[in-house]
Structures are given as structure tokens and as C-alpha cells.
Amino acid sequence: MSNKWLRKTLIILLSVIMMVIAGREFLIWLNEKEPIVEGPGVTRVAKLSDYFADLKGTALDTNIYILEGEEDGGAVMVTAGVHTNELSGVMTNVILIENAHVEKGKVILIPFANNSAFTAGHPGEAYPMRYHIKTDWGSRWFRFGDRYTNPIHQWPDPEVYVHYPSGQSLSGFDIRNLNRTFPGKADGTITEKVGHAIMQVIEKENVDLFIDLHEAEPMYPVINTIVANQKAMDIAVIAEMNLSAFEGIKIGKEISPENLHGLTHREVGDHSRALSLLAETCDPIQDPLRGRTDEALIITGKDEFILKAAKLGLLYVPFDETGSHIDVRTGRHTSTVLEIISAFSELYPDKEIIVSDAPRYAEIIEKGVGYFLLKPRG
Ligand SMILES: [Zn+2]
């Protein structure tokens, strides 16, 4: 073999070796899920596919953690990870799964609603794939993903996405946005199937109250707020007053726009008996103005460019040198969930839900999110 051929063969061989190593790495990133500990209050763990069999064996099937009280009462569902780069809702769900007890009624938690989106990063955003939370005994890792279903699980996007059943025209890529595909469609795309499956859980588990947890960038007006379906507006009003009066949490409230379709706060309320609300915190990593995009930004929410924008009065939230820490964001969401449950129980006493052993805003900030994360076995 001539030198030229030897060189070519070696280059091809090296390329194949690199592809195998990288491919293996990609496969691990795609399939490996963070460990979640079933806390003492968890009475059942189900899967979305238990309610809608089409999802069985797909990348979009996901765990549902159910905490049931000894006494009958109402049922609340809390979802997070509808957008997988909005993580304080995931933290709130995990804290409830690993710590809370339900004395009356039922709490249904879906921390990774769009399980496919957790396997993707948004093109051009340089998002870290994972982040770590420090605890007293070590650290826990979690996936950080995209706003949209991974294109390897749903492709291609149409030019225009026609929402079902409203017929409203939306951007083509929103066909992979779980917060634009509710109430879902049994024979639709895989993202629409997830919406449909969650609606099935709501129906079969007799869910009375639905709360979807999100985060928004500081330059976006719908932030640090509760968005309520018109049927749930009284709950939002009471929750807002109590959050402000008892915990010093300033939060807005707004009504879900009637003509904006596919969103959980609109469609869950319109297509089921559940009263639907959505809550937003401030998440700098989503803002296009941000600087370095790394794990530190995910955790601390500190960014010099967003700080500059704050000083110029360009933001919709108060923002200073302390940033928007994950403890603050998770504390806000956890207290918001608990206050919404209390407000619902006050308005519908025959459907009362009582949750205990769940930390609130001040305690989460004082001790940090990591304090409430249990050590996975093995
Ligand atoms: Zn969102």
C-alpha cells in the first residue's frame, strides 16, 4: 500500500472511531434520565401511556407521580417541563414529589411533560445539556432542554401549523410546542398526542384544578404572573392577594386571551372540567440579550447585559445584582402552587385539598433548593 493510501485509510479509520465515540455519547444524552426519588407521600407512579396507549415505548412517554390523602377531596395536577428550558417548575415538582404529604384529596405531578424536548438543545443557543444542584450529601443532576419537541421525534414542521380543534393558524415550528398543541389530538403528531394524553389523565383522575409552571425572559411582558382561564380568575385573585400579604411575593394576574389557542391555561379550562392556571417566573437564560450561557446562569440567573437592560428600564421585572436565583424562582413557584390550592379549597370546600410538608418561598430561599432533594439510591 502506498503512503497516500495508508494516510487515507488511517483518516477514515480515525473518523469512524470518532463517530462511534460521539455516537455513543449522543445516545447516552438522548436516553439517560435524571434520578427522581419517590418521597414518602407518593402513593402511585403511573405513565402517560397508562392513559393513552399510543405513547407506550415512545420518547414522549413520561412518569406521573400521584400523592393521595387518606381523606377524599379534590384533585390538582401540576405540570412542568412543557417547556424544558424553564426549570423552576421542574424543581417545584421534584420538591413536592420528594417531600410533600397529601392529607386530603389528590396531587398529580408531571415534572417532565415534554420528555422529548428534554433531549434537545435549541439550535444556536448554546444551552448546557444538564445542570447540577448542590446538596448536603453531594449533587443532583437534571436535564436542560429546548422549548420544542426534538426534531428526531417529530419532523418535518409544516409551513403553517393549524391548531386542532380551533383551526387557528400558528407558526409552523409551534407544531412541536406542547404549549400550543393542547387539548391535543389522538391521531395527531406525537406532541399533539402528549396534549391528548394529559387531557386523558385529567379526565380519568377527575382533576378539578390544573396548574402549569413556566418561566419567561425578563424582556417579555408575561412574567412573574399567574395567567388564568376565565373560570379560574377568582382563584388567581385570592392567590395573588395572599402571596403578597403573607409572603411578600409580588405577582401579577392576567386572564387567558380567548383567541390564543393551544395554551394550557386556555384549552385545559375549555376542554375539561378542571380550572386551569399557568404561572411564570423570571428566567434570564431565555433572554436573547444574555451573555455567557452556562450552568452558572441557569442557577444564579445573574447576567451583566440583562442588568444593563434593567438599568435602562427595558425589563418587565425588577432585576438587580442578585440576579434571579433558582432558589427564588422555585420558592415563588412552590408558594404559588400552594396558594392556588388553598384558594381553590376556600372557594370549593367540598373539594378541599390539604398538602403538608411542602416548603414555601422563605424556607426554600433560606435553605436552598438542594436541601429538599433526596439522595437517590445506588
Ligand atoms: Zn413556557
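Close-up 1. As a reference point, ideal angles for four tetrahedral donors are 109.5 degrees. Distant parts of the chain are linked here: glutamate 86 sits in the loop between strand 3 (71-79) and helix 2 (88-99), while histidine 214, 128 residues away, belongs to strand 9 (residues 209-216). Helices (H or I, at least four residues) and strands (E, at least two) are DSSP runs, numbered from the N terminus. Glutamate 86 and histidine 214 are both buried, where buried means under 20% relative accessible area, exposed over 50%, and partly exposed in between (1.4 Å probe, protein chains only).

A note for all views: residues are numbered from 1 along each chain as its sequence is written, and side-chain values use heavy atoms, with hydrogens and water left out. Since the model is predicted, local features need pLDDT of at least 70 and side-chain atom pairs count only at pLDDT 80 or more, whereas totals for chains, interfaces and linings use all residues.

**Close-up 2. Helix 2 crossing helix 8.** The two axes come within 8 Å and cross at roughly 60°. That angle makes helix 2 oblique to helix 8; angles under 35 degrees count as roughly parallel, over 145 as roughly antiparallel, 65 to 115 as roughly perpendicular and the rest as oblique. Axes are lines fitted to C-alpha atoms, for helices over the stretch in contact, and angles run from 0 to 180 degrees between N-to-C directions. The crossing is right-handed, meaning that the near helix is turned clockwise from the far one by less than a right angle, with anticlockwise giving left-handed. Helix 2 brings Ser88, Gly89, Met91, Thr92, Ile95 and Leu96 to the contact, and helix 8 brings Ile326, Arg329, Thr330, His333, Thr334 and Val337. Contact means heavy atoms within 4.5 Å.

Take a moment with threonine 92, which is part of helix 2. Its relative accessible area is 0%, so threonine 92 is buried. Beyond residues up to four places away in sequence, threonine 92 touches Leu213, Thr330, His333, Thr334 and Val337.

**Close-up 3. Helix 4 packing on helix 8.** Here helix 4 (residues 233-247) and helix 8 (residues 326-347) meet at an angle of about 125°, with axes 8 Å apart. Helix 4 is therefore oblique to helix 8, and the crossing is right-handed. On the helix 4 side you will find residues including Ile235, Ile238 and Leu243, and on the helix 8 side residues including Ile340, Phe344 and Leu347.

**Close-up 4. The surroundings of isoleucine 298.** Isoleucine 298 lies in helix 6 (residues 295-300) and counts as buried because its relative accessibility is 0%. Setting aside neighbours within four places in sequence, isoleucine 298 contacts Leu87, Pro128, Tyr131, Phe144, Ile285, Ile326 and Arg329. Histidine 132 is 166 residues from isoleucine 298 in sequence, yet their C-alpha atoms are 9.5 Å apart.

**Close-up 5. Backbone features worth a look.** Most residues other than glycine have a negative phi, and most peptide bonds are trans. Tryptophan 155 and proline 156 are joined by a cis peptide bond with omega of about 0°, and proline 156 is in the loop between strand 6 (138-143) and strand 7 (160-162). The bond from phenylalanine 182 to proline 183 is also cis, with omega near 5°. Asparagine 206 has a positive phi of about 50°; this residue lies in the loop between helix 3 and strand 9 and is partly exposed, at 47% relative accessible area. Aspartate 357 has a positive phi too, near 60°.
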